[in-house]
Amino acid sequence: LSTQARAFTQTGHPELALPLHRRALALRVKHHGNSHVETANSYQNIGNCLLALGRTEEAGHLLKKALVIKEQLFHFPAPELINIYNNIGQYYQSTFDFGQAHRYLEQGLQIAEKSSGAASLPLIPRLMALAELYAAEHQDDNALHLLRRAFAIQEDSIWDNPGAKFTLMK
């Protein structure tokens, strides 16, 4: 269910993903209970769909629920917290609570840097999310700095991986 729902979300149809994520949540609660990582993942998936649909208040409730579960299971700076911190940061950005958005997006970036290195591909979405936040705050120099860093990481990875370079040239 979650795989099919993710495909709907990635193709721009969160409204089709939402009922599938809700069914997956019901199954996970039944089999794992309310405080299992898989249950938290379902809350997070539903929250992200709701956020994409503009249902911010509902999204925030479910994303915060996922955050509480994950922070109880994993302690900072566990890599398992990266995505929920990014999602919570984007939620706060959508509510114009830029202080909280910075807090979570920067924590996610910090964990990603520690777990995969300061110049690794997994940093790119974190850098882009922070750059978007800075742009929303009209801090263009900070946004540009992060975008340049993300592009440099991407460019370096292309030169370090000839297969990737070939694929991009097609």
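Q: Leaving aside its neighbours within four places in sequence, with which residues is Gln 154 in contact?

A: This is a predicted model, in which local features need pLDDT of at least 70, side-chain atom pairs count only at pLDDT 80 or more, and totals for chains, interfaces and linings use all residues. Residues are numbered from 1 along each chain as its sequence is written, and side-chain values use heavy atoms, with hydrogens and water left out. Contact means heavy atoms within 4.5 Å. By that criterion, Gln 154 touches Leu 121 and Ile 124. Gln 154 also has its C-alpha atom 10 Å from that of Pro 122, 32 residues apart along the chain.

Q: Where is Gln 154 found, and is Gln 154 buried, partly exposed or exposed?

A: Helices (H or I, at least four residues) are DSSP runs, numbered from the N terminus. Gln 154 lies in helix α8, residues 140-160. Buried means under 20% relative accessible area, exposed over 50%, and partly exposed in between (1.4 Å probe, protein chains only). At a relative accessible area of 38%, Gln 154 is partly exposed.

Q: How are two packed helices described?

A: They are described by the angle between their axes and the distance between the axes. Axes are lines fitted to C-alpha atoms, for helices over the stretch in contact, and angles run from 0 to 180 degrees between N-to-C directions. Helix α2 (residues 14-32) and helix α3 (residues 37-52) pack at about 160°, with axes 9 Å apart. Angles under 35 degrees count as roughly parallel and those over 145 as roughly antiparallel. Helices α2 and α3 are therefore roughly antiparallel. Among the residues that meet are Leu 18 and Leu 25 in α2, and Tyr 43 and Ile 46 in α3.

Q: At what angle do the axes of α3 and α5 cross?

A: The axes cross at roughly 30° and come within 11 Å. That makes α3 roughly parallel to α5. The contact is made by Gln 44, Asn 48 and Leu 51 of α3, together with residues of α5 including Asn 87 and Tyr 91.

Q: Which residues of α3 are buried, and what covers them?

A: The buried residues of α3 include Thr 39, Tyr 43, Ile 46 and Leu 50. Their cover includes α1 (2-10), α2, α4 (56-73) and α5 (82-94).

Q: What span should the 16 residues of α3 have?

A: The expected span of a helix is 1.5 Å times one less than its number of residues. For α3 this should be 22 Å, and its end C-alpha atoms are 22 Å apart, which agrees. Following α3 is Gly 54, whose phi is positive, near 80°.

Technical notes. Helix = DSSP H or I, 4+ residues; strand = E, 2+ residues; numbered from the N terminus. Parallel < 35°, antiparallel > 145°, perpendicular 65-115°, else oblique.
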